[in-house]
Amino acid sequence: MCVAAPALAISPEHGQLTGRGLDGFYRSGRRLLARCLLRVAGRDPIAVQGRSLGSDRASFTATVRTGAEPGPDPDLTVERIRHADGTERITLRSHAARRIRVPVELSLGTDLAELGAVASGRAGPELPAAVHAAGLRWSTQGAQSFTTAEPAPDDVLAALGLLRWELDLDPGESRVIELRTARDRSLRIPAGQLAGILADARAEGDDPRAEALFGASLADLRALLLRDPDHPADTFLAAGAPWRCGLAPAESLWAARMALPLGTGLAAATLRVLARTQTGGRGADAGRIPGPLRAAGPGLPPGCTGTEATLAFPVVLAEARRWGLPEAELDALLPAAERCLAWLRRAPDTGLLPDPTDGPARVETQAHAHRAALLGADLLAACGRPGAGELRSWAERQRERFRESFWIETRAGGLPAAAVLPDGRPVPRLTGATAHLLDTGLLGGGAHAPGLLDRIATEQLGRLLGAPAMDCGWGLRSLGVKEPGHNPFGHRSGAVRAHETAVAFAGLAAAGYEQEAAGLLRGFVDAAEAFGYRLPEMYGSAQRTAGGAPLPHPAACRPAAVAAAAGIHVLVALVGVRPDAPAGTVALAPPAGAPLGALRLSGLRVAGEPFAARVSRLGLGMVEEAADALQLGV
């Protein structure tokens, strides 16, 4: 899958677009070209290799035996370089001992179907083609596409969807045919190619997988960047390809938060995009950011991603300030954050935040709300705005109520409930969502905010998350293997979610639970390697065995914004970068033991300037490059 949002190309491993399944070039969710079958010298090329060349392009190599030479050896190689933007470069190279004439045919077709219709088997028949310049055109009500070729074909048969050439090749000579598929003649630079959105950072170290993971994660984030159609200067991350190539408020915010080490521009733009969607007026929903419902696994009704996004908004703004968000951008976004926090303060006076309003109080929602209250209070106080004291009091009441209502004592030491139902009954189920209790947020001086759990409960949660019932060897299960309703492929009922694994690792490492953190890290990096460093949003959680590999999830987005950002988050956590740009300091707090050995990150952004730091094999951190105004904190 090649992605340059909103464009993508989905190809089988042999490279021939057959028109079946999901094959094709897409733009903004519509299939512009479904079939692109190449024949050379009257034969189908024999595929020998298909490989990714990056987030936005792939290479397919095949051979052809034309019969010009005796023996079984092929005398032509064919390489197809396919780009997400709709271009394809076909190179034919002759290995024959004499000049040969090679007939080349391309059979093209499309249905101009929407991706959802394609996925559900409702794409419909191919449309008739018409001759268009040096190629073909298809159209239907409200949509069109065309494919042009350079050099122009010798023959175009629209009724058959055929382009034909007769190419003469001398020994060792190459000839190139370039195709371009589009829906109009306008050429717009994808958001991912705009300079300065995400820094050109890199990782290097003893474990070469760190460099590969960081590079692939950054490339996937760039591939998923989209522009706000009404405000093209503002970009945000699409949730993932192929299924969710659009704005998903909560996931776009979490990914932007994890990508803050690459600069604050993406976070600021995402916040502006979402601020324009914020509910106005004076009603109960005033200040809330809308979002769709999301399945919550067995035993719980769907939750609302709008609640999560509303609570994430002030957190992302507060942490962007720590990383060096310019004051003018902060001032412009602060009113929207205040409206989010005002919505939180209007929550029922029970100390717990339900989701939805008349639904259960979920464990992750409590973690998000507590983080939003404390970081929001810190933000308001720093900016001289009222309301900080009220938010801190709300968080204190929530901590007391959480410990009374959520913590379930057991002979094994206890566990946090997955949720508390409206009638006050806890749901005694261990889920990966409890990892969010360890993500307390960043305050001044490199300090983490206090969490909902005390030290003893945090230690117990660390043991639970690091045990085999939750750590499958490839990452953190979203539901414990012993829990009722466990499904190793269930999105919220067992599958590994890369984002939650990264959150759990960073939280455990920051809290000093090195053994449990190292186990999750090992599985995360091994899974990334198995997936070619392009982690899907989720994958199967079958227990790891010797010589095994993580199982792909058939419905997972890959690439996915939160999974790509998780790779950045994990590696930054290994160096322990904790900035406080307003105070002019940056602290390094790497986990003990250097679980990936020596590691260096360069090209990050702190206070708007390049930042580089490394951690030694002994786990000692050192800043190598920073803004002149920054001092090393404790």
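**View 1. Strands E19, E20 and E21 line up in that order as an open, antiparallel sheet.** Strands are DSSP runs of E with at least two residues, helices are runs of H or I with at least four, and both are numbered from the N terminus; two strands pair if DSSP finds at least two bridges between them. Welcome to a predicted model, in which local features need pLDDT of at least 70 and side-chain atom pairs count only at pLDDT 80 or more, while totals for chains, interfaces and linings use all residues. Residues are numbered from 1 along each chain as its sequence is written, and side-chain values use heavy atoms, with hydrogens and water left out. The edges of the sheet are E19 (225-228) and E21 (244-247); each has a single partner strand, so one side of each lacks a neighbour in the sheet. On average, neighbouring strands here are turned by 40° against each other, direction ignored. E19 and E20 (residues 231-240) run antiparallel and are joined by four bridges, with Leu237 of E20 as the bridge partner of Leu225. Helix H4 (residues 265-275) packs on this sheet and touches E19, E20 and E21, where contact means heavy atoms within 4.5 Å. The direction of H4 makes about 95° with that of E20; axes are lines fitted to C-alpha atoms, for helices over the stretch in contact, and angles run from 0 to 180 degrees between N-to-C directions.

**View 2. Strand E10 (residues 87-94) is set between two partners, E9 and E17.** Six of the eight residues of E10 are buried, so this strand is largely enclosed by the rest of the structure. Buried means under 20% relative accessible area, exposed means over 50%, and partly exposed lies in between (1.4 Å probe, protein chains only). Strand E9 (residues 76-83) pairs with E10 in the antiparallel sense over seven bridges, and Arg80 has Ile90 of E10 as its bridge partner. E9 and E10 make a hairpin with three residues between them, and Gly86 in the turn has a positive phi of about 105°. Strand E17 (residues 174-182) also runs antiparallel to E10, joined by seven bridges; here Thr91 is partnered by Val176. A handy reminder when following the side chains: in a regular strand they alternate between the two faces of the sheet.

**View 3. Strand E6 (residues 35-40) pairs with both E3 and E11.**

**View 4. A search of the whole structure finds two aromatic pairs.** Rings of Phe, Tyr and Trp (its six-membered ring) pair if their centres lie within 6.5 Å; planes under 30 degrees apart count as stacked, over 60 as edge-to-face and the rest as tilted. Phe402 and Phe406 have ring centres 4.5 Å apart and planes at 10°, so they are stacked. Phe402 is buried at 0% relative accessibility, and Phe406 is buried with a relative accessible area of 0%. Phe531 and Tyr539 have ring centres 5.3 Å apart and planes at 50°, so this pair is tilted; both residues are buried.

**View 5. Arg544 lies over the face of Trp474.** The distance to the ring centre is 3.9 Å. A charge sits over a ring if NZ of Lys or CZ of Arg is within 6 Å of the ring centre and within 35 degrees of the ring normal.

**View 6. The largest nonpolar core holds 152 residues.** Such a core is a set of buried Ala, Val, Leu, Ile, Met, Phe, Trp, Tyr and Cys residues joined through side-chain atoms within 4.5 Å. Leu262 and Leu344 have the most contacts inside this core, and helix H12 (residues 561-575) gives the most to the core, with 13 residues. Not counting residues up to four places away in sequence, Leu344 touches Leu311, Leu353, Ala369, Ala372, Ala373, Leu391 and Trp394. A second, separate core has 39 residues, among them Ala9, Phe25, Leu33 and Leu112.

**View 7. Ser217 belongs to helix H2 (residues 208-223).** Ser217 is buried, at 3% relative accessibility. Leaving aside residues up to four places away in sequence, Ser217 touches Ala564, Gly567 and Ile568.
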